[in-house]
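Have the structure open while you read.

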Amino acid sequence: MNQRVLVLNCGSSSIKFAIIDAANGEAPLQGIAENLAASHSQVRYTDGQNKHTISLEDKADHKHALEAIGRILMQFTELRSSLVAVGHRVVHGGEKFTHSCLIDDRVKQAIGDMAQMAPLHNPAHVAGIESAQAAFAQLPQVAVFDTAFFQTIPQHAYLYALPYNLYEQHGIRKYGFHGSSHYFVSRQAAKLLNKDIEHCNLITAHLGNGCSIAAIKQGKAVDTSMGFTPLEGLVMGTRCGDIDPSITTFLMEQLGYSAAQVNALMNKQSGLQGISQISNDCRTLESEQEKGNERAKLALDMFVYRLVKYIGSYLAVVGPLDALIFTGGIGENSSYIRQQTIAQLAHLGLHIDDKANKDMRFGRSGLISNEDSKSIFAIATNEEWVIAQDTIKYAFNA
């Protein structure tokens, strides 16, 4: 059976798209719409032979990017006609969706209803679903939820110390995100370790514009940094991560912020962008730091410090560690962030190999630790392949 799937992965500031063979992961067409809602919005894609770049209007939104992606797909008639299904990454499935599922009106409505818990993502997912339904009305469409991988987290780890009825009545708990990425790189790490995943204790750090870290014990997620929404945890591109919750009431009661303004501040104006006041892009900040910009250095120092604290705490949670894994746009490509992080964890038995650390970038995966260290890997994630595999499974074998 042909297993070619169109995968749409709508992130907070980007849309990845690909035609993927779920059987082997081959992608004859793939690309990304990036810098959405920012300057220099563009679509980059490759057809396996040639690379192309299309400029979008400045600060283009997800809707305009999806329209541009649709025009690109129209150019590849044979590939387009070979598709058997469409798979959508969906960030927040709450407790309602514990695994992937076929999309119908009820599912689409539920995804939209959960936008309050993933305000940068779920609305984009609905837009992507509706665009794909219009363009590929004859194909089954499947939602693959970031939150599903974290259904194994025990109650003592996913509950907040709030009145229990808030969980019972409103579902207020930790959910976790980037599940497809954590799932993929943990399985890849097990292969590199030559161990069954059920025997692996891992810490996986997905670092990009959105960042999360997961504690995986004997192959199952037991904790993760993101929470009720993707706002909790690490310092991110424009998200603040962990803060004192009373800051929200201070902003509202003392400084006159509305709830919407607080939400925008913490999701879209904070993190690397907020501290540096330069950019949410780690590459830009590393370049500015080299020029002596102190705010860029401060933003990167805060990013690393928060990451180090989480790794340290998860070492206590997972037990004897088999490997630490870096992935995501920053985790895969920033040798600086990896080096700075591991330098602060040397007393815990983690040491980096400088040459391997510099070599393992831009799609290369492998060991970056030295012979005296516990295993540390940089692994290029492939959420899209995971989504394609689940799409075939639930479109035809559910």
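For the helix pair, axes are lines fitted to C-alpha atoms over the stretch in contact, and angles between N-to-C directions run from 0 to 180 degrees. Keep in mind that this is a predicted model.

Let's start with the helices. H8 covers residues 246-253 and H9 covers residues 259-268; they pack at an angle of about 130 degrees, and their axes lie 10 Å apart. The crossing of H8 past H9 is right-handed.

Who makes the contact? On the H8 side, it's Ile247, Thr248, Leu251 and Met252, and H9 answers with Ala259, Val262, Leu265 and Met266. Sorted by class, that contact comes to 7 nonpolar residues, 1 polar and no charged ones.

Now over to Asn9, which sits in strand S1 (residues 4-10). Is Asn9 buried or exposed? Its relative accessible area is 4%, so Asn9 counts as buried, the cut-off being under 20%.

| Side-chain pair | Polar contact |
|---|---|
| Asn9 and Arg89 | 3.1 Å |
| Asn9 and Glu384 | 3.0 Å |

Leaving aside residues up to four places away in sequence, Asn9 touches Ser14, Ile15, Lys16, Arg89, Glu383 and Glu384.

Terms used: Residues are numbered from 1 along each chain as its sequence is written. This is a predicted model: local features need pLDDT of at least 70, side-chain atom pairs count only at pLDDT 80 or more; totals for chains, interfaces and linings use all residues. Side-chain values use heavy atoms; hydrogens and water are left out. Helices (H or I, at least four residues) and strands (E, at least two) are DSSP runs, numbered from the N terminus. A crossing is left-handed if the near helix is turned anticlockwise from the far one by less than a right angle, and right-handed if clockwise. Contact means heavy atoms within 4.5 Å. Ala, Val, Leu, Ile, Met, Phe, Trp, Tyr, Cys and Pro count as nonpolar, Asp, Glu, Lys and Arg as charged, and the others, Gly among them, as polar. Buried means under 20% relative accessible area, exposed over 50%, partly exposed in between (1.4 Å probe, protein chains only). A polar contact is a pair of N or O atoms within 3.5 Å; within protein, one must be able to donate a hydrogen and the other to accept it, and residues adjacent in sequence count only if both atoms are side-chain atoms.
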